Amino acid sequence: MSTEDRALLARAAAGDGEALETLMTRHASRIYRLAYGITRSAADAEEVVQDVFLQIVQKGAGFEGRAALTSWIYRITTNTSLNKRRGKRRELETSLDELLPRYRADGHRDGDRAFLVSDWSGTPERELLAGESRRILEEAIDRLPDHYRAVLVLKDVEELSNEDVAQIVGDTVAAVKTRLHRARMALREQLTMRLGARG
Amino acid sequence: MICRELIDIIDDYLDAVLAPDVTQELERHLAECAPCGAYIATYRQTRRIGAAAARVDMPEEMKARLRRFLAENLGGA
């Protein structure tokens with residue numbers, strides 16, 4: 001953590017309103033995005049943001065780790081969000097194995113030909129992100145396990161490297177890449193099942 | 001290359017980090033395999049729209065509540 005960040009946290013911990021405002025301006029949105037991405041609930045994400053801010057202000061000045069402040073904040077946010085989700089909404093999560101491609105013994109894709117060649121990618125992005133398509137997409141994201149959503153947000157929204165994501169979630173780079181791949185395959189499968197059928 | 005192998009390395013292909021010879025082999029497979037062509041196109045679009053859907057903004061009223069919360073709990077703001 002930089003000297004400047006450490007000083008900012010020390011001022012915030014001493015009740016300096018300007019320092020708190022600076023921390024909020026710099027970090028509140030990214031904390032909320034990640035918390036919402038994992039919890040999928042605005043109310044839960046709001047509680048996570050409040051909790052994370054308390055943690056960074058109360059513990060930040062004494063933080064001895066080498067990580068940058070932003071990485072540390074991502075890590076706290078991920079852990080706090082996953083804790084918040086513990087035991088909730090498991091029924092929505094589908095077994096990912098059912099949503100991965102199936103193969104024949106020779107390694108080629110298995111399944112109904114019409115489904116295999118179904119291609120909805122030409123639909124304009126704005127159309128995919130609105131109305132019924134958006135609802136289908138949101139439901140598909142809801143069905144992913146929490147820790148898969150965590151890596152998806154860190155990688156695809158926050159645009160961190162696989163190495164940084166691995167450090168934040170406390171896993172190996174290989175495990176992060178596998179999780180990302182499985183999450184994206186599961187999303188694609190659900191979207192193709194529902195968007196492909198409409199085309 | 002077979003479909004399973006292609007799908008295993010699809011992210012590396014889309015991120016353009018594959019070795020040139022592997023990329024060529026993958027693209028040869030793509031040229032001949034309609035299911036893999038559809039798969040890669042929809043996978044690429046899934047990455048895009050999945051990221052776009054997750055780019056949510058923190059509502060302004062929530063930021064105001066956060067300010068009040070921090071003022072009450074940390075004695076600042």
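## A buried arginine

A:Arg184 lies in helix 10 of chain A, which covers residues 173-195, and the model that places it there is a predicted one. A:Arg184 counts as buried because its relative accessibility is 4%, and the cut-off for that word is under 20%.

Leaving aside its neighbours within four places in sequence, A:Arg184 is in contact with residues of both chains: A:Leu152, A:Lys155 and A:Asp156 on the one hand, and B:Asp11, B:Tyr43, B:Thr46 and B:Arg47 on the other.

## The link to B:Asp11

Which residue of chain B forms a salt bridge with A:Arg184? The partner is B:Asp11, and the closest N and O atoms of this pair are 2.7 Å apart. The side chains of A:Arg184 and B:Asp11 are also joined by a polar contact of 2.7 Å.

Across the interface of chain B and chain A, the rule finds four salt bridges, while the count of residue pairs in polar contact between these chains is 13.

## The side of chain B

Four elements of chain B each give two or more residues to the side that touches chain A, namely helix 1 (3-8), helix 2 (10-14), helix 4 (34-54) and helix 5 (60-74). Helix 4 of chain B supplies the largest share of that side, with 17 residues. Sorted by class, the side of chain B that touches chain A has 24 nonpolar, eight polar and eleven charged residues.

## The extent of the interface

The contact takes 51 residues from chain A and 43 residues from chain B. Between them the two chains bury about 4200 Å², of which 67% is on carbon and sulfur atoms. In chain B, the residues that lose the most area to chain A are B:Tyr39, B:Ile49 and B:Leu74, which together make up 14% of what that side buries.

Terms used:
Residues numbered from 1 in each chain as written. Chains lettered and ligands numbered in written order. Predicted model: local features only at pLDDT ≥ 70, side-chain atom pairs only at ≥ 80, totals over all residues. Heavy atoms only, no water. Contact = heavy atoms within 4.5 Å. Buried area = accessible area lost by both parts, 1.4 Å probe. Salt bridge = Lys/Arg side-chain N within 4 Å of Asp/Glu carboxyl O. Polar contact = N/O pair within 3.5 Å; in protein donor to acceptor, adjacent residues only side chain to side chain. Nonpolar A, V, L, I, M, F, W, Y, C, P; charged D, E, K, R; others polar. Buried < 20%, exposed > 50% of the residue type's maximum accessible area, 1.4 Å probe, protein only.
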